[in-house]
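Subject: Structure handover

Hello,

Here is the structure I said I would pass on. My notes on it follow below.

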Amino acid sequence: MSDKHGRSNGARIPVALVTGGAQGIGLASAEALARDGFEVVVADIQTDKAQAEARRIGATAVHCDMGSPDSIHAMFERIESDLGPVRALVNNAGIALPGDFLSYDLSDFERVISVNLVGTFVALQRAARAMIENEIKGAIVNMSSINAQVAIPAIPAYCASKGGVMQVTRSAALALAPFGIRVNAVGPGSIDTEMMAGVNASPAALETALSRTPLKRIGATGEVGNVVAFLVSDRASYITGETIYVDGGRLALNYTC
């Protein structure tokens with residue numbers, strides 16, 4: 001039996017798409033999914049970096065601006081034409097754009113929301129439609145943050161977007177459960193990514209971050225990627241609508257003596 005692309009269903013390698021996959025948590029997720037046997041597609045606005053990392057891990061790279069719905073739809077069309085429908089989507093792409101709250105520029109706020117929340121929704125909806133059309137009981141993982149629950153005054157748009165991602169995840173999980181499609185989110189805490197570079201470079205800032213982290217260390221990107229891979233896998237077959245926090249215990253912390 002073959003699908004509409006002419007491939008045998010028995011021989012098809014499942015496709016996993018990771019947005020913002022050229023670095024950090026996205027790249028770690030792509031690596032973990034490649035180890036699990038997926039045909040991984042690394043999507044990023046940084047085309048050269050995505051291509052280099054994709055070659056290294058045996059994946060495919062595609063260009064995508066997650067702030068542009070047209071770019072997202074074009075990405076899916078290319079993937080489906082070349083490899084077939086996506087079975088696993090990791091909605092990881094995101095930006096922060098910090099600034100003073102009282103003078104925070106509206107265009108920056110809108111840009112963050114367009115990438116982190118609107119882009120996540122567009123990709124989620126597009127992937128889900130293809131999964132339903134192809135009778136795929138797939139898995140979708142959205143990248144949220146501890147800032148869906150707590151907040152930092154200098155990144156109001158980021159906090160708002162990640163709270164929105166948490167709720168979109170729940171809504172999508174309910175809508176897609178009848179089709180056997182699972183939707184979850186991962187909420188990282190302080191992870192060793194480019195967003196943490198400024199903190200890591202400042203002993204005082206790093207000490208503050210660690211004082212709020214019971215495990216007393218910064219997390220590694222691979223530790224988040226492993227959770228993403230778990231949620232995509234059949235080992236998480238009865239988990240949907242959840243946000244799993246990978247934060248070294250930070251959200252559980254009330255106060256220290």
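The axes of helix H3 (residues 69-82) and helix H4 come within 10 Å of each other and cross at roughly 30 degrees. Axes here are lines fitted to C-alpha atoms, for helices over the stretch in contact, and angles run from 0 to 180 degrees between N-to-C directions. Helices (H or I, at least four residues) and strands (E, at least two) are DSSP runs, numbered from the N terminus. This is a predicted model, in which local features need pLDDT of at least 70 and side-chain atom pairs count only at pLDDT 80 or more, while totals for chains, interfaces and linings use all residues. Residues are numbered from 1 along each chain as its sequence is written, and side-chain values use heavy atoms, with hydrogens and water left out.

H3 with H4

H3 and H4 are therefore roughly parallel to each other; angles under 35 degrees count as roughly parallel, over 145 as roughly antiparallel, 65 to 115 as roughly perpendicular and the rest as oblique. H3 passes H4 in a right-handed crossing. A crossing is right-handed if the near helix is turned clockwise from the far one by less than a right angle, and left-handed if anticlockwise. On the H3 side, Pro69, Ile72, His73, Phe76, Glu77 and Glu80 meet Gly119, Val122, Ala123, Arg126, Ala127 and Ala130 of H4, where contact means heavy atoms within 4.5 Å. By class, this contact of H3 with H4 has seven nonpolar, two polar and three charged residues. Ala, Val, Leu, Ile, Met, Phe, Trp, Tyr, Cys and Pro count as nonpolar, Asp, Glu, Lys and Arg as charged, and the others, Gly among them, as polar.

H4 with H5

H4 (residues 106-133) also packs with helix H5 (residues 156-176), at an angle of about 15 degrees and with the axes 8 Å apart. That makes H4 roughly parallel to H5. The crossing in which H4 passes H5 is right-handed. Among the H4 residues that meet H5 are Phe109, Ile113, Phe121 and Ile132, and the H5 residues that meet H4 include Pro156, Tyr158, Lys162 and Leu176. The residues of the contact of H4 with H5 divide into 16 nonpolar, four polar and one charged.

H1 with H2

H1 and H2 pack at an angle of about 25 degrees, and their axes are 11 Å apart. The two helices, H1 and H2, are therefore roughly parallel to each other. Their crossing is right-handed. In this contact, Leu27, Ala30, Glu31 and Ala34 of H1 meet Glu53, Arg56 and Ile57 of H2. Its residues divide into four nonpolar, no polar and three charged.

The two sides of H2

Which residues of H2 are buried? In H2 (residues 47-57), they are Ala50, Glu53, Ala54 and Ile57; buried means under 20% relative accessible area, exposed over 50%, and partly exposed in between (1.4 Å probe, protein chains only). Seen down the axis of H2, the buried residues fall within an arc of 105 degrees, so they line one face of the helix. The arc is that of the directions from the helix axis to the C-beta atoms. On the other side of H2, Asp48, Arg55 and Arg56 are exposed. The buried residues pack against helix H1 (24-35), strand E2 (39-44) and strand E3 (60-63).

Ala50 is buried, with a relative accessible area of 1%. Leaving aside neighbours within four places in sequence, Ala50 is in contact with Ala22, Val42, Asp44 and Ala61. Ala50 and Val62 are twelve residues apart along the chain, and their C-alpha atoms are separated by 7.5 Å.

Ile45 lies in the loop between E2 and H2 and is partly exposed, with a relative accessible area of 47%. Apart from neighbours within four places in sequence, Ile45 is in contact with His63, Cys64 and Asp65.

Positive phi values

Most residues other than glycine have a negative phi. Glu135, in the loop between H4 and strand E5 (139-143), has a positive phi, near 55 degrees. Glu135 is exposed, with a relative accessible area of 75%. Lys216 has a positive phi near 60 degrees and lies in the loop between helix H7 (203-211) and helix H8 (221-232). Gly58, which follows H2, has a positive phi near 75 degrees.

Regards
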